[in-house]
Amino acid sequence: MLGYLYPLRTYLIVAGTFEKPNPMTADWVVPLSFSPQLLGVAIGKTRHTCGLIKEKKDFVVAVPTLELLKDVWIAGTTSGAREDKSKKMSVTFVPSKKVKAPSIKECAANIECKVVNEVETGDHIFFVGEIVDVTYGDAFRDGKPDIKNYRFLIHTSSGPNFTYVGNEIFKP
Ligand SMILES: Cc1cc2nc3c(=O)[nH]c(=O)nc-3n(C[C@H](O)[C@H](O)[C@H](O)COP(=O)(O)O)c2cc1C
């Protein structure tokens, strides 16, 4: 029944270290607080990423555009428990500024988070991350996404079904 919440935006959660990164695709990412700046991400207990975040206590939310769809699919269908999927992907991992988990150079933004809380929610762990730094490129101007020139990824429904944020803006 959670399918009725879709379409949802899609992100890459990077856990681990620069030497051994583990990227994972995630739709279940949500803003939680302005002050302090908090966001939450629900990670299945069986994911390799879950154990890594529990251990390292940090992660990066990387914002992909449609150009990275193939990599997003690899990160969302391969487990780091079985193989080093970062080697199969065509993105570049770069050191983050304040957390051990690396950032992804090709992503529109990389939001660095330190875990401040984790809540067991059924078969997922909901990690609450405090945003400690962010890097971003031309896809953001004055902190706002440039949706006319960049295709921010949307997952339309379960399976390999994606689109991107349209560039029409409506004012209520
Ligand atoms: C588009 C998409 C969105 C996903 N969203 C989530 C999510 O929000 N939370 C989650 O735990 N898994 C999600 N997954 C599944 C994980 O990305 C997938 O199980 C991945 O292989 C886990 O990698 P890991 O074992 O290296 O952590 C998603 C997969 C796809 C393709």
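1. The buried residues of helix α1 are covered by elements that include β2 (11–16), β3 (21–26), β5 (38–44), β6 (58–63), β9 (109–121) and β10 (124–136). Contact here requires C-beta atoms, placed from the backbone, within 7 Å. Helices (H or I, at least four residues) and strands (E, at least two) are DSSP runs, numbered from the N terminus.

2. This is a predicted model, in which local features need pLDDT of at least 70, side-chain atom pairs count only at pLDDT 80 or more, and totals for chains, interfaces and linings use all residues. Residues are numbered from 1 along each chain as its sequence is written.

3. Thr49, Leu52 and Ile53 are the buried residues of α1, which spans residues 48–56; buried denotes 20 or more other C-beta atoms within 10 Å of the residue's own. Viewed down the axis of α1, these buried residues fall within an arc of 95°, and therefore line one face of the helix. After α1 comes Lys57, with a positive phi near 65°.

4. The ligand is surrounded by 20 residues, and the closest are Trp28, Thr49, Gly76, Ser79 and Gly80; the criterion is a C-beta atom, placed from the backbone, within 6 Å. Two or more residues of this shell come from each of β3, β5, α1 and α2 (69–77). The most, four residues, come from β3.

5. Confidence is expressed as pLDDT, on a scale from 0 to 100. The chain averages 98, and 100% of the residues score at least 70.

Key. Buried ≥ 20, exposed ≤ 12 C-beta atoms within 10 Å, placed from the backbone. Arc of directions from axis to C-beta. Contact = placed C-beta atoms within 7 Å. pLDDT = per-residue confidence, 0-100.
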